[in-house]
Amino acid sequence: MGNKNSCCSYSSPAPKRKDVYQEEPHMPRDGEGSVGNIQHISEREPEDWDADPSLHPTASTIFLERSRIQENGLVRKKSQNHILDAGRPGLKKSSSCSTIYLDDSTVSQPNLKNTVKCVSLAIYYHIKHRTSNRQLDIFDEKLHPLTQAPVPDDYDQHNPEHRHIYKFVRTLFNASQLTAECAIITLVYLERLLTYAEVDISPANWKRIVLGAILLASKVWDDQAVWNVDYCQILRDITVEDMNELERQFLEMLQFNINVPSSVYAKYYFDLRTLAEDNDLAFPSEPLSRERAQRLEAMSRVCEDKITAEAVRNGLKKWRSFETLNGQPSRRSVAILS
């Protein structure tokens, strides 16, 4: 995983993969479900994979469903009790013919600060509306403390506030210089862990679960991954051996399924935007300037050229746009850009 100290460099078994799958790489031999220590892909995929939000693009994300649960167990459409320290929320700006308001976050380049805030809020709702308290020793902060400070006896009794979760996640992202896309992948791995390992995020384990998800997401997503020993410089009281073991067990619980389809990534991004809207944590918007409009137009032309070139290579016919459907371009109203 890009780290000589990573657990993957010594913990993975070394069966003869080529010999095992040389006959039929896509299916096991007759009468066998798996060979040796290698689990066949058909056994690793859950039967209800279409209901797993971390795998299927149409399955509802767990965090968004839990964010809309009231204390009495009913589902609400929009948050009424805002958990963020915000005072009086500001007025929402609306686009008009003369002014267009846009934020600086896109699915390919999300806003880092707001994305980390939204991911922290999703973790908050995972803890607050957990269905049980299923635990695993590797994530227990009492058994594997992150600091040398004594862990309180009631460490598993009180739910952390959103600002505490955000501070923990923000510290890791700022120190490691991770991207906003990595935060979204972290949330995908976190919900995949809940589905695969049947564990709940609770006050006793949320820090180590989040740390394991960030560690894995940074190695899978970023070109230059953060080494395990680098996290020991951020969390100075944790050892490399503990980080290696956390990574190894996290991977095993995910059944080494670290693939995130682009459709699933996009779904989590837009659900995080919905979560922000529901909790008055909307991404800041500003008037569209002439320079930014020109940059957006240039980016659109590049994408259109790529799509056209791909269509030509595939022998597809380029369809007429609506503007030239009748042989004449449609009339456009010109917006006044500030």
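**Figure 1. The whole chain, before we zoom in.** Among contacts between residues at least 6 apart in the sequence of the protein chain, 79% join residues at least 24 apart. The model shown here and in the views that follow is a predicted one. The chain has 338 residues, of which 38% count as buried.

**Figure 2. The second largest pocket and its lining.** Let us start with an open space in the model: the second largest pocket, with a volume of about 530 Å³. It is lined by 22 residues, and those closest to its centre are Glu141, Leu146, Phe168, Trp206 and Lys207. Two elements give two or more residues each to this lining, namely helix 5 (162–176) and helix 7 (206–221). Helix 5 provides the largest share, with five residues. Sorted by class, the lining of the second largest pocket comprises 14 nonpolar residues, four polar ones and four charged ones.

**Figure 3. Asn205, a buried loop residue.** This view turns to the loop between helix 6 (180–196) and helix 7, where Asn205 is found. Is Asn205 buried or exposed? Its relative accessibility is 0%, so Asn205 counts as buried. The side chain of Asn205 makes a polar contact of 2.9 Å with the side chain of Gln135. Setting aside neighbours within four places in sequence, the residues in contact with Asn205 are Arg134, Gln135, Phe139, Val199 and Asp200.

Figure 4. Helix 4 covers residues 112–128, and at 1.5 Å a residue its 17 residues should span 24 Å. The C-alpha atoms at its ends are 24 Å apart, in agreement with that value. Why is helix 4 described as largely enclosed by the rest of the structure? The reason is that 13 of its 17 residues are buried.

Figure 5. Gln255, which is not a glycine, has a positive phi of about 55°. Gln255 sits in the loop between helix 9 (240–253) and helix 10 (262–278), and Phe256 also has its place in the loop between helix 9 and helix 10. Phe256 has a positive phi as well, near 60°. How does each side chain's surroundings score? Gln255 counts as partly exposed because its relative accessibility is 24%. Phe256, at 47% relative accessibility, also counts as partly exposed.

**Figure 6. Helix 10 and its packing partners.** Helix 10 has 17 residues and reaches 24 Å from its first C-alpha to its last, close to the 24 Å expected at 1.5 Å a residue. Its buried residues are Val264, Tyr265, Lys267, Tyr268, Tyr269, Asp271, Leu272, Leu275, Ala276 and Asp278. Which helices do these buried residues pack against? Their partners are helix 3 (62–67), helix 4 and helix 6. Following helix 10 comes Asp280, with a positive phi near 55°.

Technical notes: Residues are numbered from 1 along each chain as its sequence is written. This is a predicted model: local features need pLDDT of at least 70, side-chain atom pairs count only at pLDDT 80 or more; totals for chains, interfaces and linings use all residues. Side-chain values use heavy atoms; hydrogens and water are left out. On a 1 Å grid over the protein atoms alone, a cavity is a set of points where a 1.4 Å probe fits but cannot get out, and a pocket is an open set with protein on both sides within 12 Å along at least five of seven lines; lining residues have an atom within 4 Å of a point. Grid points are joined across faces, edges and corners, and a volume is the space filled by probe spheres set on the points. Helices (H or I, at least four residues) and strands (E, at least two) are DSSP runs, numbered from the N terminus. Ala, Val, Leu, Ile, Met, Phe, Trp, Tyr, Cys and Pro count as nonpolar, Asp, Glu, Lys and Arg as charged, and the others, Gly among them, as polar. The expected span of a helix is 1.5 Å times one less than its number of residues. Buried means under 20% relative accessible area, exposed over 50%, partly exposed in between (1.4 Å probe, protein chains only). Contact means heavy atoms within 4.5 Å. A polar contact is a pair of N or O atoms within 3.5 Å; within protein, one must be able to donate a hydrogen and the other to accept it, and residues adjacent in sequence count only if both atoms are side-chain atoms.
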